[in-house]
Amino acid sequence: MAPRPKIVVKDMDLAYGDVMVQRDLNFTVNEGDVFAIMGRSGCGKSTLMKQLIGLKTPARGDAWYDGKALWAAEPEERQAMVRHFGILYQNGALWSSLTLGENVALPLAEYTDLSERDIHDLACLKLGLVGLDGFEDYYPAQLSGGMRKRAGLARAMALDPDILFFDEPSAGLDPISSRRLDDLILALRDSLGCTVVIVSHELASIFAIANNSIFLDAEEKRAIDGGDPKVLVRESVHPHVREFLTRGEPVEAVR
Amino acid sequence: MPDSTTRQTSSPKGYARLERIDARRIAVIFAGSWRIGAQVSSTDDIVALIRGGGIAEVVVDGKDLSEWDSTLMMVIRRIEAACKESAARLDCERLPSALRGLLRLTEEHAESIEIASPPSEPVTLAERVGDATHRVIDACSVFIEFVGEATIAFWHFCIGRARFRGSDLGLVLQQSGAQALPIVALISVLIGLILAFVGAIQFRQFGVELYVANLVAIAMLREMGAIMTGIIMAGRTGAAFAAELGTMQVNEEIDALRTSGFDPMEFLVLPRMLALIVMMPLLCLYADALGIAGGALIGVTILGLPWVEYWNQTQNAMTMSNFLIGLSKASVFGVIIALSGCLKGMQSGRSAAAVGIATTSAVVVAIVLIVAADGLFAVVLNMLGL
């Protein structure tokens with residue numbers, strides 16, 4: 001089966017005020033991909049993500065989701081499109097005045113007609129998927145960083161999104177928790193069939209889960225390469241890309 | 001993977017059918033669309049049947065499903081829970097493999113992490129009263145401790161050993177001084193107007209409307225200038241202090257100061273306290289002047305009193321003692337606002353909600369203490385005959 005394009009980004013520019021960060025971004029994310037946005041700090045990864053999830057208007061260009069342009073759409077329509085995204089923010093971004101259960105239940109209560117019992121059970125199910133069964137009544141402040149991140153993932157999945165966005169999923173996690181989160185992302189992708197976009201510079205995690213990527217170069221201010229990171233590390237013609245993917249060490253030392 | 005190519009009807013339907021395999025075994029067959037927003041048939045009776053006992057095995061079958069999401073998982077989890085309760089076996093082999101994978105995830109990830117359970121609320125009245133008393137005592141001792149630390153920091157400043165950045169002090173001076181002028185001006189002119197109107201009604205009965213000048217001058221100098229400035233600054237600057245320090249607490253900035261060898265009392269609290277000790281009397285002076293001007297406006301225009309006479313009368317009423325009492329009150333209020341704002345900010349919990357609570361309580365504590373201190377001033381000054 002030929003891959004179906006899920007997200008198509010055309011001629012997108014990233015800018016902060018008058019400072020141009022990236023120019024002419026063109027890439028396609030296929031359905032079922034785990035797509036990594038890579039690059040060194042300050043290259044505009046997070047800005048690109050913000051433009052993809054409707055938080056920041058692009059300086060130029062647009063992103064097409066299933067053939068529908070995000071920024072050309074009316075604000076209400078854009079809201080409706082964004083609602084089909086699940087987004088995991090860097091620090092979880094759980095609402096601190098709500099319990100975990102309420103955090104997951106809030107979008108369900110707002111956007112579905114489910115009964116209170118169904119919403120409660122669904123919230124417990126989502127927390128169970130990320131290994132937080134029985135933690136519904138805890139407040140985010142009572143949890144460790146890794147648990148907060150997983151709870152954030154449970155909330156991101158609340159409405160069974162088509163596309164999951166992750167901002168630095170492994171940042172601040174120990175290697176084992178980070179690995180477990182990677183496994184979880186893959187398992188969810190395989191079973192729910194959703195598309196995953198991650199912003200990351202955690203190499204282990206990129207190699208483990210991503211099957212497609214784009215590399216934003218801070219110096220040239222454009223995307224210099226893209227594709228499967230496992231291939232890029234050996235075959236990229238750009239020294240910056242190879243250096244990034246090998247931490248500047250020889251290829252053999254890393255793989 | 002859920003099949004999204006099925007026909008899209010306006011309200012897709014999901015069915016659950018119960019079949020008896022034999023006396024002790026049943027099959028639950030799911031068909032159609034089991035998605036959020038679809039009309040799905042109720043499975044409560046199936047769950048109740050399993051719970052009722054007498055069933056040894058439940059087979060769930062999903063071969064007729066067209067599409068599914070968490071809605072179906074939720075229902076299967078309910079059946080699973082019922083099976084566990086009545087010791088029946090659950091056979092999931094005929095579910096889509098992706099669904100089985102997800103169900104397995106919920107089990108294998110369920111690790112038991114030992115963390116403190118949520119604090120249980122005290123139940124009996126005695127416990128609750130005891131708990132509240134403890135909290136009040138704790139809060140008092142923390143406040144006294146904080147005042148003590150602030151005093152030590154102030155002493156260090158006096159002997160020139162306090163460490164803080166002069167530019168911080170400058171910034172707080174600007175924020176709590178110059179930038180507060182418009183709101184202080186507005187409120188004090190209005191207070192002057194109000195006092196003049198209130199006085200005018202009473203004094204007119206005795207034909208001594210000129211005494212409005214005395215009323216406005218004495219009230220502004222001695223009481224209203226200081227107390228209104230205090231309340232404005234508690235809401236404006238005290239709240240800002242609490243929110244700022246609270247957010248610094250959330251970001252671990254205060255911890256970073258401590259570990260870098262800076263005393264937060266000197267580095268954060270002292271400049272704020274100094275700024276308000278300096279600025280409050282100045283703002284109070286400004287409020288006094290504008291309040292008197294506001295009173296004069298009414299006296300001259302609406303009551304028709306002559307300019308010169310009103311001014312002379314005001315000058316007579318403005319005694320040095322009234323003036324100094326007002327200014328010293330303002331300084332004390334400044335210390336109260338800075339201390340309660342900083343204390344609540346430093347004590348703030350590490351979440352957004354906690355910063356909100358800290359800010360609220362900083363303003364409430366500051367206003368209560370300002371009014372209480374004003375009462376104390378009144379009693380003491382009365383005893384001293386001033």
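The axes of α5(B), residues 166-176, and α9(B), residues 264-301, come within 9 Å and cross at roughly 45°. Residues are numbered from 1 along each chain as its sequence is written, while chains are lettered from A and ligands numbered from 1 in the order in which they are written. Because this is a predicted model, local features need pLDDT of at least 70 and side-chain atom pairs count only at pLDDT 80 or more, whereas totals for chains, interfaces and linings use all residues.

**Helix packing within chain B**

- Helices (H or I, at least four residues) and strands (E, at least two) are DSSP runs, numbered from the N terminus, and axes are lines fitted to C-alpha atoms, for helices over the stretch in contact, with angles running from 0 to 180 degrees between N-to-C directions.
- Helix α5(B) passes α9(B) in a right-handed crossing; a crossing is right-handed if the near helix is turned clockwise from the far one by less than a right angle, and left-handed if anticlockwise.
- On the α5(B) side the contact is made by B:Asp168, B:Leu169, B:Val172, B:Leu173 and B:Ser176, and on the α9(B) side the residues include B:Pro271, B:Arg272, B:Leu274 and B:Met279, where two residues are in contact if their C-beta atoms, placed from the backbone, lie within 7 Å.
- By class, this contact of α5(B) with α9(B) has nine nonpolar, one polar and two charged residues (Ala, Val, Leu, Ile, Met, Phe, Trp, Tyr, Cys and Pro count as nonpolar, Asp, Glu, Lys and Arg as charged, and the others, Gly among them, as polar).
- Helix α4(B), residues 125-158, also packs with α9(B), at an angle of about 85° and with the axes 10 Å apart, which means that α4(B) is roughly perpendicular to α9(B).
- From α4(B) this contact draws on residues including B:Glu149, B:Ala153 and B:Phe157, and from α9(B) on B:Met265, B:Glu266, B:Val269, B:Leu270 and B:Met273, with eight nonpolar, one polar and two charged residues by class.

**Contact between chains A and B**

- The contact takes 22 residues from chain A and 26 residues from chain B, and the largest share of the chain A side, six residues, comes from α4(A).
- By class, the side of chain A that touches chain B has eight nonpolar, eight polar and six charged residues.
- Helix α4(A) packs with α2(B), residues 70-85, at an angle of about 95° and with the axes 10 Å apart, so the two helices are roughly perpendicular to each other.
- In this packing A:Asp118, A:Asp121, A:Leu122 and A:Leu125 of α4(A) meet B:Ser70, B:Met73, B:Met74, B:Arg77 and B:Arg78 of α2(B), a contact with four nonpolar, one polar and four charged residues.

**Domains of chain B**

- The domain assignment of chain B gives domain 1 (6-116) and domain 2 (142-384), with bounds that come from an automatic or database domain assignment, and the C-alpha centres of the two domains lie 66 Å apart.

**Confidence**

- The model scores ipTM 0.72 and pTM 0.71.
- Chain A averages a pLDDT of 83, with 97% of the residues scoring at least 70, where pLDDT is the predictor's confidence in each residue, from 0 to 100.
- The mean pLDDT of chain B is 87, and 93% of its residues reach 70 or more, but over residues 1-9 of chain B the pLDDT is below 50.

Note on methods: Angles under 35 degrees count as roughly parallel, over 145 as roughly antiparallel, 65 to 115 as roughly perpendicular and the rest as oblique.
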